[in-house]
Amino acid sequence: MTTTPAPSSLVRDADLRIGTGRSRRFVGAEHGADVSYFFVENQPGEGPGLHWHPYSETWVVLEGTVRLRVGDRILLAGPGDTATVAAFTPHGFTNAGEGLLRILCIHASATIVQTFLDND
């Protein structure tokens, strides 16, 4: 008989919300996981400033259009697209569309470490 093991931890949406905003933050170390993530919902023009992490980050676009800045490169990505940035590479993103941007930002770390840079 084959059984599927139950998840060791279930984290409810409300427990991941960042303040009163729409985005969520999951810190893997708090739940026995080796990865962390932000599930971001941004309006047009919104996005985090330029920053870097001491580990890689992978983005999966769920809805909308995102303008990704990865080092000196600018990438436009849409639903279903995936992009990755190497550790220590300055990056940021902005909702470049006219509607809601939903993007999953996966951090290859059990904790989230972000160092923000001066804006250009």
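How many helices and strands are there in the protein? There are 1 helix and 10 strands, where helices (H or I, at least four residues) and strands (E, at least two) are DSSP runs numbered from the N terminus.

## Overall layout

This is a predicted model, in which local features need pLDDT of at least 70 and side-chain atom pairs count only at pLDDT 80 or more, while totals for chains, interfaces and linings use all residues. Residues are numbered from 1 along each chain as its sequence is written, and side-chain values use heavy atoms, with hydrogens and water left out.

Taken along the principal axes, the C-alpha atoms fill a box of roughly 55 × 30 × 30 Å. Of the 120 residues, 31% count as buried; buried means under 20% relative accessible area, exposed means over 50%, and partly exposed lies in between (1.4 Å probe, protein chains only). Among contacts (heavy atoms within 4.5 Å) with a separation of 6 or more, 68% come from residues 24 or more positions apart.

## The nonpolar core and Ile-103

A nonpolar core is a set of buried Ala, Val, Leu, Ile, Met, Phe, Trp, Tyr and Cys residues joined through side-chain atoms within 4.5 Å. The largest one here has 14 residues, and those touching the most other members are Trp-59, Val-66, Leu-68, Phe-93, Ile-103 and Cys-105. At least two core residues come from each of S2, strand S4 (57-63), strand S5 (66-70), S7 and strand S9 (101-107). As general background, nonpolar side chains in soluble globular proteins tend to be buried together.

Beyond its neighbours within four places in sequence, Ile-103 contacts Phe-38, Phe-39, Val-40, Trp-59, Val-60, Val-61, Leu-62, Val-66 and Phe-93. Phe-116 is 13 residues from Ile-103 in sequence, and the two are 20 Å apart in space, C-alpha to C-alpha.

## Aromatic pairs

Rings of Phe, Tyr and Trp (its six-membered ring) pair if their centres lie within 6.5 Å; planes under 30 degrees apart count as stacked, over 60 as edge-to-face and the rest as tilted. By this rule the model has 2 aromatic pairs. Phe-26 and Tyr-37 form a stacked pair, with 5.1 Å from centre to centre and 15 degrees between the planes. Phe-26 lies in strand S1 (residues 24-26) and Tyr-37 in strand S2 (residues 36-42), so this pair ties together parts that are 11 residues apart in sequence. Phe-26 counts as buried at 11% relative accessibility, whereas Tyr-37 is partly exposed at 23%.

The other pair joins Trp-52 and Phe-88, and is tilted: the centres are 5.3 Å apart and the planes 40 degrees. Trp-52 belongs to strand S3 (residues 51-52) and Phe-88 to the loop between strand S7 (82-85) and strand S8 (91-95), so parts 36 residues apart in sequence are tied together. Trp-52 is partly exposed, at 22% relative accessibility, and Phe-88 is exposed, at 52%. Phe-88 also has a positive phi of about 70 degrees although it is not a glycine. For context, most residues other than glycine have a negative phi.

## The largest pocket

Grid points are joined across faces, edges and corners, and a volume is the space filled by probe spheres set on the points.

The largest pocket has a volume of about 270 Å³. Its lining has 19 residues, with Ile-18, Ser-23, Phe-38, Val-40 and Pro-48 nearest the centre. S2 and S9 are the elements that give two or more residues to this lining, and S2 gives the most, with 4 residues. By class, the lining has 7 nonpolar, 8 polar and 4 charged residues; Ala, Val, Leu, Ile, Met, Phe, Trp, Tyr, Cys and Pro count as nonpolar, Asp, Glu, Lys and Arg as charged, and the others, Gly among them, as polar.

## Gly-99

Gly-99 sits in the loop between S8 and S9 and is partly exposed, with a relative accessible area of 37%. Not counting residues up to four places away in sequence, Gly-99 touches Asn-42 and Pro-44. Val-40 is 59 residues from Gly-99 along the chain, and their C-alpha atoms are separated by 13 Å.

Notes:
On a 1 Å grid over the protein atoms alone, a cavity is a set of points where a 1.4 Å probe fits but cannot get out, and a pocket is an open set with protein on both sides within 12 Å along at least five of seven lines; lining residues have an atom within 4 Å of a point.
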